[in-house]
Amino acid sequence: MPSPRADVALLYRRAGFGAGPAVLDAAQAAGFDATLEKLLAGLSAPDDHRPALPHLSSYELISRNRGGDLYGQSVDLAAWWVEKMATTTTPLREKLTLLLHGQFPTANSKVYAPIFMYQQNETFRTLGPGPFDTLTLSLAKDPAMMIWLDTASNVRQAPNENFGRELMERFTMGVGNYTQSDVREAARAFTGWGITDHSGVFVQDDSAHDFGEKLVLGHRGDLTGEDVIEIVTHTPASARWVTARMWSFLAYPVRTTDPVVTELAASYATDLDMTRLLRSILGHPWFLSPASREGLVKQPIEWVAGALRTFRLTAASFKKMGGAGFLVYALGNLGQIPFDPPSVGGWGQNEYWLSTATSVAQLDFAQSLVQFADLSPIDDVGAGSRVDALAELLGIDGWTPQSRAALTHVRHDIPSLAALALTAPEYVVN
Amino acid sequence: MATPMNRREFLAGAAGIGAAGVLHHSLGGRVAGAVPAGGARVGPLAAAPLAERTLVLLTLYGGNDGLNTVVPYEDPRYLAVRSNIAMKPDSVLPLGDGLGLNPAMVNFKSLWDAHHLAIVRGVGYPNPSLSHFQSMDIWQTGSTSGDVASGWLGRWLDRTGADPLRACSVGSQVLPAMAGEVRKASAVQDSTDAGAQLPYVAPDLLAVYRELQRARPGDGAYEAAVASTAAEMLSTSKEFAHAIGHVPPPTYPKGVYAGDVGTQLGVVSQLIRANMPTKAYSVTMSGFDTHAGEVGTQSQLLGQLDAAVGAFVSSLAGHRRGAATTLVIYTEFGRRVDSNASGGTDHGTANVVLVVGPSVRGGFYGEQPSLKHLDQNGNLVHNVDFRSVYATVLAHVVGVDPAAFLGRRYPVLGFV
């Protein structure tokens with residue numbers, strides 16, 4: 001039976017980016033339920049640690065081709081967010097923000113306006129914990145999303161289907177729950193939506209909007225984009241899709257037909273409240289099941305944020321190697337750069353992250369980062385208990401005998417011990 | 001030209017690989033690359049023993065617009081329904097049959113003229129999905145049923161041993177087509193620099209790492225996968241790095257930009273010329289989901305692709321393994337016949353597959369889909385099942401019985 005401490009450690013890994021001994025001592029004393037409530041309260045509490053936002057050019061300047069080094073800004077922004085994950089005092093909010101980035105994947109490679117990527121990121125942070133329909137509507141009118149899925153150029157003369165389709169397929173319902181006719185009709189409802197030329201704010205151009213009758217998922221009328229968002233987010237299919245996605249991100253991958261989805265989708269459907277959904281997932285007995293404990297390989301962003309948190313590193317720690325640029329280069333080799341998902345489908349899970357190329361990247365980056373790490377917590381303990389102290393520091397339940405034996409070989413070489421521990425299967429799998 | 005089938009294909013299709021293999025060996029020793037004029041059907045691949053042949057899969061993510069890649073510029077309907085994005089008839093690179101290549105594809109045109117480019121037209125599958133992810137999943141698994149998790153080459157890996165060098169994806173992730181139920185391809189970073197392929201680690205630490213990543217009884221599935229992947233990295237990275245470090249990457253004319261795909265194909269070229277035992281490689285390119293502003297985006301992407309493929313093929317010239325390399329370029333679907341008012345096209349169906357290589361039998365395969373008789377969503381109707389393309393390369397490049405990996409027999413095309 002896993003110990004109460006193992007339960008709160010799992011909670012901190014999934015609902016955050018892991019936690020060290022002091023935090024877990026307090027969590028264990030408070031108990032699982034109280035710890036979960038504390039993490040949920042953090043969804044709306046101020047973050048006590050906020051790294052300084054890098055300079056991001058205004059859209060006004062970008063639209064006049066005077067945005068400066070936009071690629072550099074996207075790198076700084078990515079490093080800023082990973083650093084925020086590593087240092088936040090409200091970890092569940094940053095975790096939810098990361099999961100929502102995976103749910104509404106948008107890439108700066110097409111948007112090419114880091115300021116808009118930041119705006120969207122803040123929307124995840126502020127509206128993510130609330131009702132999913134409100135969040136989805138806000139994202140539908142979000143400039144990054146409107147550029148990413150071409151809503152901004154969708155006009156009634158011959159609508160483009162990009163946003164209408166991905167809204168249903170990826171964001172709210174899943175494939176198989178709508179027809180091509182629904183996609184076409186939804187696309188008509190979003191015609192005329194755009195952003196203003198130089199300020200980049202949402203605007204509806206009535207002359208480009210199709211005011212005719214539409215039929216979407218059985219709802220007929222002069223439907224607007226707002227109506228379509230309302231319709232799709234309130235379908236039973238959407239309750240299942242959103243619940244399955246969040247369960248898959250936090251516990252283990254499931255299909256929409258899984259019994260746990262059926263159970264949790266019913267309560268989510270009452271008001272689409274994401275905080276309620278998070279509470280029901282993280283508080284579910286199956287969240288603590290063996291399937292869940294072994295159910296997820298850390299995403300590279302989680303792995304890096306966890307390592308930075310453990311060893312008290314920031315992007316500036318890597319100044320000698322290039323700072324933010326080095327951090328983002330490493331993330332690139334690991335296969336996941338914030339604000340740069342491969343497509344509107346986002347990233348995969350588990351096996352998707354495992355390749356011989358990422359094994360090289362992981363071992364390399366682990367060895368680089370320990371050069372700048374604060375290793376005092378394991379330096380201060382005697383060599384005899386150092387390997388176990390490192391497991392505590394990393395917020396995992398301990399080592400298998402084989403890993404302990406292997407790591408014991410390097411107990412006197414503290415940086416190497418720390419680097420190798422980060423690559424251990426016990427750490428890479430949550 | 002419709003789907004040509006000669007005696008060799010017939011034999012391979014009917015009797016499995018045994019016949020084809022024997023026949024190829026009996027032809028061994030011919031000089032690779034010597035294609036007689038007009039002799040496109042007698043490609044020099046017949047000269048290369050099966051064991052020396054190499055497959056390279058190039059996946060275009062997003063759904064490349066086939067109608068603006070191989071352009072039916074003599075069809076008045078094309079110009080009519082795509083008035084805002086149609087290629088100008090005098091700008092395309094004519095191929096015959098009323099078709100012409102996108103103006104950005106000058107190297108592809110040279111390959112066509114040299115009979116080293118096969119264009120398979122009208123490729124698709126029944127009941128086409130307009131979802132990127134569902135359609136790509138179908139292409140990756142080689143199955144339309146939705147309940148097959150293994151990749152079509154992954155199944156070949158599953159059944160042919162444990163050596164992770166047999167297939168290699170360039171980039172951080174393994175191409176799903178190359179992931180089986182138990183085996184998957186190795187992966188190398190998209191860098192032509194050997195240093196990126198090998199961890200910097202002291203030998204004594206490597207021993208500890210090896211011990212840390214040794215299979216353990218009682219591990220969960222993912223912990224076991226982490227460990228086995230790390231172990232495979234240890235057994236492959238030195239070889240990959242050595243190969244990449246000893247062969248220069250392809251070179252580009254001044255001012256030519258081939259993008260990430262150029263780097264990736266460069267790595268593949270290095271590995272092929274280093275005589276790696278790898279049978280199948282994969283590279284990827286994204287950005288083809290052109291719902292708006294298609295002409296500018298696609299011509300830029302096709303320009304990079306063209307530069308990358310041109311340099312790749314040139315770099316293989318004069319190399320034995322290089323001459324036996326077949327590059328297959330595909331995407332999850334084509335795009336809607338009618339353009340939209342955003343200057344783009346929405347998701348479509350049937351598409352072209354491009355097959356390139358010094359030993360490819362150039363020409364058209366399959367029929368050009370009608371722009372008049374469309375499906376109920378205004379999309380092209382396919383006439384070649386995509387698994388015929390797979391069957392062809394499984395039989396004549398990989399050298400196995402295709403039916404064993406595709407679930408049934410599909411007509412083999414004659415492009416290799």
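1. Let's begin with an arginine in chain A: A:Arg312 is exposed, at 64% relative accessibility (exposed means over 50% relative accessible area, buried under 20%, partly exposed in between, with a 1.4 Å probe and protein chains only). Its salt-bridge partner is A:Asp374, at 3.4 Å from N to O; a salt bridge here is a side-chain nitrogen of Lys or Arg within 4 Å of a carboxyl oxygen of Asp or Glu. A:Asp374 is partly exposed, with a relative accessible area of 26%.

2. A word on the basis of these notes: this is a predicted model, where local features need pLDDT of at least 70 and side-chain atom pairs count only at pLDDT 80 or more, while totals for chains, interfaces and linings use all residues. Residues are numbered from 1 along each chain as its sequence is written, chains are lettered from A and ligands numbered from 1 in the order in which they are written, and side-chain values use heavy atoms, leaving out hydrogens and water.

3. Over all chains, the whole structure has 34 salt bridges. In one of them, the side chains of A:Arg5 and A:Asp25 come together at 2.8 Å, N to O. A:Arg5 sits in helix 1 (residues 4-14) and A:Asp25 in helix 2 (residues 21-30) of chain A, so the pair ties together parts 20 residues apart in sequence; helices (H or I, at least four residues) and strands (E, at least two) are DSSP runs, numbered from the N terminus. A:Arg5 is buried at 15%, whereas A:Asp25 is partly exposed at 43%.

4. In chain B, please look at B:Asp97 and B:Arg121, whose side chains form a salt bridge of 3.0 Å, N to O. B:Asp97 lies in the loop between strand 3 (93-96) and strand 4 (99-101), and B:Arg121 in strand 5 (residues 117-124), 24 residues apart. B:Asp97 is exposed at 54%, but B:Arg121 is buried at 3%.

5. Chain A also holds a network of salt bridges, linking A:Asp47, A:Lys84, A:Glu94, A:Glu122 and A:Arg125.

6. Finally, where is B:His291? B:His291 is in the loop between strand 8 (280-285) and helix 10 (294-316) of chain B, and it is buried at 1% relative accessibility. Its side chain makes a polar contact of 2.9 Å with that of B:His347 (a pair of N or O atoms within 3.5 Å; within protein, one must be able to donate a hydrogen and the other to accept it, and residues adjacent in sequence count only if both atoms are side-chain atoms). Beyond its neighbours within four places in sequence, B:His291 has contacts (heavy atoms within 4.5 Å) that include A:Asp150, A:Glu161 and B:Arg335.
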